[in-house]
Amino acid sequence: MTGKDRPEYLAAADFVRENLRLQRVPAIPEIMLHLAHSGSGLGRLTSLDGAAPYWAYHWAGGTVLARHILSQPQAVSGRHVLDLGSGSGLVAIAAAKAGAMHVTAVDVDACAIATTDLNAAANGVTIKTLQADILDALPPICDVILAGDVFYDARLASRVLPFLARCRAASIDILIGDPGRASFPREQFRLVATHAVTDFGDAGADKVSGVYSL
């Protein structure tokens, strides 16, 4: 049984198709995502996966990184790209649209993988998806690692940073999108660009978020 034949993947894909609404992403009209709305009933997914349904929303870290890639396609064009913690697949889709030769989207959550597959199809791009925790593994075979909003808590940050450092030492380019989360070790990164984007749950105006390299 492959990952996409597993009951949790199939159930997640059915839920997304039936309950999330395909709509354009604020600040990125080039991309459409299946996004949650007030009637989505995300609480029903508790039996499928105990993790928070982060894959049903657009977050500022991913949004700013996707906006940057579409504005500066040379960062990924013709290259092998890995999207770490893909969530909805927004960043992976942006990389594919910007001309990446090959894009792999990695996430630990079957719901995120199913959502990324559906979102890729809706945007007419080809993305390889992988459900796995690779943070303790050797650096992957790729040219660029993209990661939006992977420093949202201290526990995860303590695993992500060493992994990215190993990857950079292996000559893999690293681009991070972050709106200023408390656990983001900004002093260890170089600011590449800023864009004003919305963050899920922020009812106010767009706020400036950053794209960083390691």
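**View 1. Secondary structure of the predicted model.** The protein has five helices and nine strands, taken as DSSP runs numbered from the N terminus, with at least four residues (H or I) for a helix and at least two (E) for a strand. This is a predicted model, in which local features need pLDDT of at least 70 and side-chain atom pairs count only at pLDDT 80 or more, whereas totals for chains, interfaces and linings use all residues. Residues are numbered from 1 along each chain as its sequence is written, and side-chain values use heavy atoms, with hydrogens and water left out.

View 2. Seven strands, in the order 5-4-3-6-7-9-8, make up an open sheet with mixed pairing, where two strands pair if DSSP finds at least two bridges between them. Strand 5 (128-131) and strand 8 (190-197) each have a single partner strand and stand at the edges, so one side of each lacks a neighbour in the sheet.

**View 3. The pairing of strand 8 with strand 9.** Strand 8 runs antiparallel to strand 9 (residues 207-213), and seven bridges join the two. Within strand 9, Ser-209 is the bridge partner of His-195.

**View 4. Helices against the sheet.** Helix 2 (residues 60-71) lies across strand 6 (144-148), strand 7 (173-178), strand 8 and strand 9, and runs at about 105° to strand 8; angles run from 0 to 180 degrees between N-to-C directions of axes fitted to C-alpha atoms, for helices over the stretch in contact. Helix 3 (residues 90-97) also packs on the sheet, touching strand 3 (80-84), strand 4 (102-107) and strand 6, with contact meaning heavy atoms within 4.5 Å. The direction of helix 3 makes about 180° with that of strand 4.
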